[in-house]
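Open the model in your viewer and keep the selection panel at hand. Each stop gives a selection and says what is there.

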Amino acid sequence: MLSLTNAFEKTKEELFNKAKSSTSLTSSEILHQSQQLDYFITLFQNKNFSDFVVTYRVEESKLFIEIKGQLDIITSDELKSFVTVNKEKWGDIKEFYIDISHLNFFDTTGVESIFSLITEAKSHGILVKSIITNQTAYEIFNIIGISSALKKMNCGTFVAV
């Protein structure tokens with residue numbers, strides 16, 4: 001199971017271990033680990049409470065979904081419900097684009113629900129062409145391995161805007 005807390009703790013432990021073995025606290029490795037921790041801290045400190053909104057549009061055989069607000073343990077069921085209600089309408093869809101650049105906050109439950117959305121689209125033979133995110137989410141996804149997993153799933157481009 002993915003966990004932001006576990007990823008944070010692992011990154012923190014790696015930083016401490018590198019700091020213990022390094023003669024310089026300003027080495028590039030130490031600074032990189034420290035920056036990764038800063039992303040986690042910033043995410044949690046700037047957590048905005050907001051509504052959750054999913055919008056979509058279909059253009060020819062392309063489905064565009066935009067997810068805004070807060071995607072967490074409370075709101076992730078709304079995304080799953082959206083998929084359940086709408087997946088039968090995806091019969092003629094060939095390409096899928098997801099925009100999560102306006103997510104103010106997400107937790108591991110939110111990440112799981114995004115994965116469920118992607119998995120459902122792929123199970124319908126829909127090619128996931130692009131996942132658009134903001135810079136903070138992009139960095140978090142990289143740190144916890146989401147972008148690598150999406151690449152292995154052949155999910156097109158993963159872009160930060």
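This is a predicted model: local features need pLDDT of at least 70, side-chain atom pairs count only at pLDDT 80 or more; totals for chains, interfaces and linings use all residues.

Stop 1: Select β1 (52–59) and β2 (62–71). They run antiparallel and are joined by 8 bridges. Zoom in on the turn, where 2 residues separate the strands. Glu60 sits in this turn with a positive phi of about 55°.

**Stop 2: across to β3.** Pick Glu66, and you will find Asp99 of β3 opposite. Now color by burial: 8 of the 10 residues of β2 are buried.

**Stop 3: the largest pocket.** Select Thr55, Tyr56, Arg57, Phe64, Ile65, Glu66, Tyr97, Asp99 and Ile132. These residues line a space of about 150 Å³. How do the lining residues divide into nonpolar, polar and charged? There are 5 nonpolar, 1 polar and 3 charged. Glu66 and Asp99, the pair from the previous stop, are both in the lining.

**Stop 4: helix α4.** Select residues 108–123. The helix has 16 residues and spans 22 Å from first C-alpha to last, close to the 22 Å expected. At its start, show the side chain of Asp107: one of its oxygens comes within 3.0 Å of the backbone nitrogen of Thr109. Thr109 is buried, and so are other α4 residues, including Val111, Ile114, Phe115, Leu117 and Ile118. Finish after the helix at Gly125, where phi is positive, near 75°.

Key. Residues are numbered from 1 along each chain as its sequence is written. Side-chain values use heavy atoms; hydrogens and water are left out. On a 1 Å grid over the protein atoms alone, a cavity is a set of points where a 1.4 Å probe fits but cannot get out, and a pocket is an open set with protein on both sides within 12 Å along at least five of seven lines; lining residues have an atom within 4 Å of a point. Grid points are joined across faces, edges and corners, and a volume is the space filled by probe spheres set on the points. Helices (H or I, at least four residues) and strands (E, at least two) are DSSP runs, numbered from the N terminus. Ala, Val, Leu, Ile, Met, Phe, Trp, Tyr, Cys and Pro count as nonpolar, Asp, Glu, Lys and Arg as charged, and the others, Gly among them, as polar. The expected span of a helix is 1.5 Å times one less than its number of residues. Buried means under 20% relative accessible area, exposed over 50%, partly exposed in between (1.4 Å probe, protein chains only). A polar contact is a pair of N or O atoms within 3.5 Å; within protein, one must be able to donate a hydrogen and the other to accept it, and residues adjacent in sequence count only if both atoms are side-chain atoms. Two strands pair if DSSP finds at least two bridges between them.
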